[in-house]
Amino acid sequence: MSEKKIKNIFVNGPIEPAFIADSIAKHGSKTAIGGHSIFMGQVRKDEIDGKFVAAIEYTAYEEIALEKMHQIREDIFEKYPLNCMHIYHSLGTVKTGEICLFVFTSSAHRKPAIAACSEVVDRLKAELPIWGKEIFEDKTHQWKENI
Amino acid sequence: MEIEIISFGQITEFINNQKIEVDGIADTDAFKQYIEDRFPALKGIKYKLALNKNIIQQNTKIANQATIAIMPPFSGG
């Protein structure tokens, strides 16, 4: 177990579109890749009892989250022939319309990249100890729950 | 024995991080009983425990100086 390298996935605040663009650009030199799949989670302006969500404040049990993410990453690499996989999740405040999750998978042909991307998002939402606190425009809040 | 309690998400609103000195809490089932008695608000929430950074799936023995995290349902992504 000491050999494993646990990657950090957490970013403070929103994930900037320029960061995503740069991440895509970096794959230009990886010419074995024939298909990329990208998922981006964006904070939605939900209306609850007449109040609108202004932002989500994310917190996590970081050590467990990173350990779990490592396991998921290993499972996914075992299951699909991927060339690479990148995952970033926000911590702290992310306003409506901003990006809070970025999952990026690449393979020689499109299908593994698409399936892996979808599976990573599903597992991340179900298994990682991360919590989102929805902050309304009037500064009241409620805790988000994944269904 | 000493147990360190840490809480997350909505549970932080009624259980602060704290160290408790207690006897007679041998396992995680006993801990649940203890914590729900002390914080009845917990009874209405589906929560999971992590003992020393491992998420608990079944009743597990607790040793002295354990850290127990109380975690409500996850909502990442």
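Is Gln65(B) buried or exposed, and how many other C-beta atoms lie within 10 Å? In the predicted model described here, Gln65(B) has 11 other C-beta atoms within 10 Å and is therefore exposed, since a residue counts as exposed with 12 or fewer. Gln65(B) belongs to the loop between β4 and β5 of chain B, where β5 covers residues 66-71, and its phi is positive, at about 65 degrees, although the residue is not a glycine.

The confidence values of the prediction may be stated before the architecture is described. The predictor assigns the complex an ipTM of 0.94 and a pTM of 0.94, while chain B has a mean pLDDT of 96, with 100% of its residues at 70 or more.

The partner strand β3 (residues 48-51) of chain B pairs with β4(B) in the antiparallel sense over two bridges, and Leu51(B) stands opposite Asn54(B) in β4(B).

Helix α1 of chain B, which comprises residues 28-38, contains the buried residues Thr28(B), Phe31(B) and Ile35(B). These residues cover an arc of only 50 degrees around the axis, which means that they lie on the same side of α1(B). The cover over the buried residues of α1(B) includes β3 and β5 of chain B, whereas the face turned away from the buried side carries Gln33(B) and Asp37(B), which are exposed.

In chain A, helix α2 (residues 62-79) has 18 residues and reaches 25 Å from its first C-alpha to its last, a span close to the 26 Å expected at 1.5 Å a residue. The buried residues of this helix are Ile64(A), Ala65(A), Met69(A) and Ile76(A); seen down the axis of α2(A), they fall within an arc of 130 degrees and so line one face of the helix. On the other side of α2(A), the residues Gln71(A), Glu74(A) and Glu78(A) are exposed. The buried residues of α2(A) pack against elements of both chains, namely β4 (51-60), β5 (82-95), α3 (110-127) and β7 (130-136) of chain A, together with β3 and β4 of chain B.

The contact between the two chains takes 19 residues from chain A and 14 residues from chain B. On the side of chain B that touches chain A, eight residues are nonpolar, five are polar and one is charged.

Elsewhere in chain A, Val11(A) lies in strand β1, which spans residues 10-12, and counts as buried because 20 C-beta neighbours are found inside 10 Å. When residues up to four places away in sequence are not counted, Val11(A) touches Tyr88(A) and Ser90(A). Val11(A) and Cys100(A) are 89 residues apart in sequence, and their C-alpha atoms are 8.8 Å apart in space.

Technical notes:
Residues numbered from 1 in each chain as written. Chains lettered and ligands numbered in written order. Predicted model: local features only at pLDDT ≥ 70, side-chain atom pairs only at ≥ 80, totals over all residues. Contact = placed C-beta atoms within 7 Å. Nonpolar A, V, L, I, M, F, W, Y, C, P; charged D, E, K, R; others polar. pLDDT = per-residue confidence, 0-100. Pairing = 2+ DSSP bridges. Helix = DSSP H or I, 4+ residues; strand = E, 2+ residues; numbered from the N terminus. Expected span 1.5 Å × (residues − 1). Arc of directions from axis to C-beta.
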